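Hi,

Here is the model I promised to pass on.

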Amino acid sequence: MPASSTMLLFPMSSECVQRQGVLEGTQGSLEPNLKRGRLLVLTGPSGVGKGTVVRQLRQRHPELYFSVSVTTRSPRPSEQEGVNYFFRSREEFFRLIEAGELLEWAQYAGNFYGTPRDAVLDKLSQGQDVLLEIELAGARQVSQHCPEAIRIFLSPPSLQELERRIRERGQDSEASIERRLQQAQQELDAQDEFDYVIVNDDLEQALLQLETLLYPKWPEPEVPAT
Ligand SMILES: Nc1nc2c(ncn2[C@@H]2O[C@H](COP(=O)(O)OP(=O)(O)O)[C@@H](O)[C@H]2O)c(=O)[nH]1
Ligand SMILES: Nc1ncnc2c1ncn2[C@@H]1O[C@H](COP(=O)(O)OP(=O)(O)O)[C@@H](O)[C@H]1O
């Protein structure tokens with residue numbers, strides 16, 4: 001597994017924000033010095049622990065806006081409408097695509113998933129950091145539109161452990177588990193495209209790495225000796 005890369009974080013600036021101005025009809029009227037939020041993209045194979053990491057991160061950083069996606073997948077017993085996803089019919093999902101209401105969308109393991117555009121762009125323009133937890137094809141679309149997005153790949157310690165986690169979670173049918181595992185290798189092969197790779201072996205360590213890269217503590221200025 002590749003180690004975490006050491007690229008610096010970039011502030012939100014160009015295309016994504018310009019598109020935002022165009023889309024919202026606000027270009028030119030935006031406060032030039034308004035601090036933009038950062039767009040953070042978390043990707044990784046099913047079962048690696050994205051949801052677990054995101055839950056913990058949100059508890060520690062309630063100021064982070066988590067984008068709730070739209071999906072055509074049926075809710076799992078533990079999931080709630082509007083909290084985990086907006087669960088919609090395929091017809092409604094395709095209507096959202098047609099209406100340009102999704103920032104990105106993709107098909108994954110037989111279902112469709114997409115990011116509601118307006119909420120994300122509103123929060124960014126208000127200076128709030130936004131977190132997307134999305135799969136590979138969606139992450140690639142975001143990279144094209146918003147090259148400043150900070151892309152993080154969560155990787156498992158091994159494929160065996162990945163399978164163990166998906167099975168232990170006990171939320172998916174056997175067919176759905178098979179589809180997710182088939183997809184996993186393709187996703188792992190693409191991890192070098194990301195700005196950072198974090199291996200989720202020990203959960204606390206992975207969270208710490210994620211927090212360190214998202215919220216780096218700048219060195220205190222040295223106090224001159226008197
Ligand atoms: N492209 C895209 N992928 C999404 C979106 N929301 C969730 N996903 C991804 O879809 C995949 C399947 O999600 P889900 O059915 O919840 O399964 P899980 O990852 O096994 O918990 C995961 O990789 C999610 O990160 C979205 O809005 N857009
Ligand atoms: N570091 C870890 N070590 C062991 N188990 C983990 C770890 N991170 C997550 N899990 C477990 O793995 C399973 C899948 O995690 P989940 O967050 O649902 O993955 P994803 O959202 O990526 O599909 C869950 O049962 C979760 O408790």
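Predicted model: local features only at pLDDT ≥ 70, side-chain atom pairs only at ≥ 80, totals over all residues.

**The chain as a whole**

The chain has 226 residues, and 31% of them count as buried. If you look at contacts with a separation of 6 or more, 71% of them are between residues 24 or more positions apart. On the annotation side, an unreviewed UniProt entry puts "domain: Guanylate kinase-like" on residues 37-215. In the model, that span is 44% helix and 22% strand, and its end C-alpha atoms lie 13 Å apart.

**The five-stranded sheet**

One open sheet is built from five strands in the order β2-β7-β1-β8-β9, with parallel pairing. The edges are β2 (65-66) and β9 (196-199); each has a single partner strand, so one side of each is left without a neighbour in the sheet.

At the β9 end, β8 (residues 150-155) runs parallel to β9 and is joined to it by four bridges. Which way do the residues of β9 point? Y196 and I198 point one way, V197 and V199 point the other way, and all of them are buried.

Helix α5 lies across β1 (39-43), β7 (130-133) and β8, and runs at about 155° to β1.

**The four-stranded sheet**

The other open sheet I looked at has four strands in the order β4-β3-β6-β5, and here the pairing is mixed. Its edge strands are β4 (85-87) and β5, each with a single partner, so one side of each has no neighbour in the sheet. On average, neighbouring strands of this sheet are turned by 25° against each other, direction ignored.

β5 and β6 pair in the antiparallel sense over six bridges, and within that pair E104 stands opposite T115 in β6. Two helices come in here. Helix α3 (residues 90-98) packs on the sheet, touching β3 (69-71), β5 and β6, and its direction makes about 40° with that of β6. Helix α5 packs on this sheet too, touching β5 and β6, with its direction at about 155° to that of β5.

The loop between β5 and β6 holds A109. Its phi is near 45°, a positive value in a residue other than glycine. A109 is partly exposed, as 18 other C-beta atoms lie within 10 Å.

**Around ligand 1**

Which residues come nearest to ligand 1? They are S46, S69, Y113, I134 and G138, out of 19 residues around the ligand. Four elements each supply at least two residues of this shell: α2 (50-60), β5 (102-108), β6 (111-116) and α5 (136-145). The largest share comes from β5, with four residues. By class, the shell has six nonpolar, seven polar and six charged residues.

**Around ligand 2**

Ligand 2 is surrounded by 14 residues, the closest being G49, K50, G51, T52 and R165. Here α2 and α6 (159-169) each supply at least two residues of the shell. The shell divides into two nonpolar, seven polar and five charged residues.

**The annotated binding site**

The unreviewed UniProt entry also places a "binding site" feature at G44, P45, S46, G47, V48, G49, K50 and G51. Is G44 buried or exposed in the model? G44 is buried, because it has 27 other C-beta atoms within 10 Å. G44 sits in the loop between β1 and α2. Leaving out residues up to four places away in sequence, G44 touches K50, F153, L154 and S155.

With 15 C-beta neighbours inside 10 Å, G51 counts as partly exposed.

Cheers

How values were computed. Residues numbered from 1 in each chain as written. Chains lettered and ligands numbered in written order. Near = placed C-beta within 6 Å. Nonpolar A, V, L, I, M, F, W, Y, C, P; charged D, E, K, R; others polar. Pairing = 2+ DSSP bridges. Contact = placed C-beta atoms within 7 Å. Axes fitted to C-alpha atoms, helices over the stretch in contact; angles between N-to-C directions. UniProt positions renumbered as here; feature names shortened; annotations may be inferred. Buried ≥ 20, exposed ≤ 12 C-beta atoms within 10 Å, placed from the backbone.
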